Amino acid sequence: MTVPRIQLNDGHSIPQLGFGVFKVDPAETERIVSEALEVGYRHLDTARIYGNEEGVGRAIAASGIPREELFITTKLWNDDQGAQRTRDAFDASLERLGLEYVDLYLIHWPSPARDLYVESWREFAELRSSGRVRSIGVSNFLVPHLERLLEETEVVPAVDQIELHPAHQQPATAAFAEEHGIAIEAWGPLGQGKYPLFELPEVAEAAAAHGRTPAQVVIRWHLQRGHILFPKSSSRARMVENFEVFDFELSEGEMQAITALEREGRVSAHPDEVN
Ligand code: NAD
């Protein structure tokens with residue numbers, strides 16, 4: 001299965017579909033990520049705060065997959081913001097992953113109460129120059145946070161990773177990102193199971209029409225919208241299901257019906273409140 005790649009604004013590209021490891025138990029991570037690699041995933045999304053970078057690194061090492069075929073993302077946690085702390089936190093993440101470079105490093109949340117994200121962002125640009133990070137980006141940044149980065153540093157993030165699923169599509173952030181060439185990564189792409197997305201008629205009917213599962217329909221909706229996504233599952237059957245989405249296509253009408261499910265239905269915290 002060939003996963004399409006999305007071109008980033010810095011010349012690199014990223015597999016559009018990956019595998020996320022939020023809430024994957026550190027003790028289980030090596031086994032679960034090894035399964036995901038066996039299924040065919042080549043893009044992994046972790047973070048320092050998930051506590052499972054070592055397990056991700058062990059699975060990568062054990063897989064024997066050439067490094068250049070993998071795309072690995074990790075993230076700077078809020079209490080590591082600030083220039084020196086960012087440098088130290090990055091070194092520690094790289095060591096836990098057992099890698100010589102990561103493909104993408106993200107500021108996990110703006111954490112506005114700390115007022116350090118611009119300082120960290122300058123350091124991110126240095127890390128990129130060092131070659132130990134290929135691409136740099138942000139996560140949970142809303143328009144005001146992005147505007148401030150662009151005004152104060154002129155370094156445009158390659159991606160913004162935001163909560164995004166049919167009930168919460170963040171149109172203002174997505175439009176700003178598109179205008180500035182920032183790719184959108186959708187976290188919680190299945191709504192984290194926090195609302196009955198799969199039972200909504202717009203999703204269920206498309207699933208029945210294509211002989212697919214509702215999860216496959218929602219993943220397909222993201223792909224056709226141009227989002228990068230990395231649904232999480234600890235079950236091998238679901239890893240396979242979530243990966244088998246490149247041999248059917250939603251019609252324009254089905255796409256529109258799912259897009260019309262927007263209702264500002266955030267399922268997690270507001271970025272200004274995570275500090
Ligand atoms: P998700 O929307 O991927 O939902 C995961 C839930 O859906 C799990 O409970 C899983 O069991 C269930 N699921 C998965 N596949 C299914 C299927 N085929 N059928 C039915 N249920 C299925 O939510 P997520 O894990 O929070 O988001 C994906 C990734 O995004 C994370 O693993 C992480 O890498 C990233 N993330 C980033 C942030 C951030 O702040 N940057 C926050 C949350 C998650």
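**Reading salt bridges in a predicted model**

Q: With which side chain does Arg-58 meet in a salt bridge?
A: A salt bridge requires a side-chain nitrogen of Lys or Arg within 4 Å of a carboxyl oxygen of Asp or Glu. Here Arg-58 pairs with Glu-30, at 3.0 Å from N to O. Glu-30 belongs to helix H1 (residues 26-39) and Arg-58 to helix H2 (residues 53-63), so the contact ties together parts that are 28 residues apart in sequence. Glu-30, at 30% relative accessibility, is partly exposed.

Q: Which parts of the chain does the salt bridge between Glu-53 and Arg-96 link?
A: These two side chains meet at 2.7 Å, N to O. The pair links helix H2, which holds Glu-53, to helix H3 (residues 83-97), which holds Arg-96, across 43 residues. Glu-53 is buried, with a relative accessible area of 1%, whereas Arg-96 is partly exposed at 28%.

Q: Where do Asp-115 and Arg-148 lie?
A: Their side chains form a salt bridge of 2.8 Å, N to O. Asp-115 is in the loop between strand S6 (102-107) and helix H4 (117-130), while Arg-148 is in helix H5 (residues 143-153), 33 residues apart. Asp-115 is partly exposed at 44%, and Arg-148 is partly exposed at 25%.

Q: How many salt bridges does a search of the whole structure find?
A: The search finds 15. Arg-48, Asp-79, Asp-80 and Arg-85 are joined in a network of salt bridges.

Terms used: Residues are numbered from 1 along each chain as its sequence is written. This is a predicted model: local features need pLDDT of at least 70, side-chain atom pairs count only at pLDDT 80 or more; totals for chains, interfaces and linings use all residues. Side-chain values use heavy atoms; hydrogens and water are left out. Helices (H or I, at least four residues) and strands (E, at least two) are DSSP runs, numbered from the N terminus. Buried means under 20% relative accessible area, exposed over 50%, partly exposed in between (1.4 Å probe, protein chains only).
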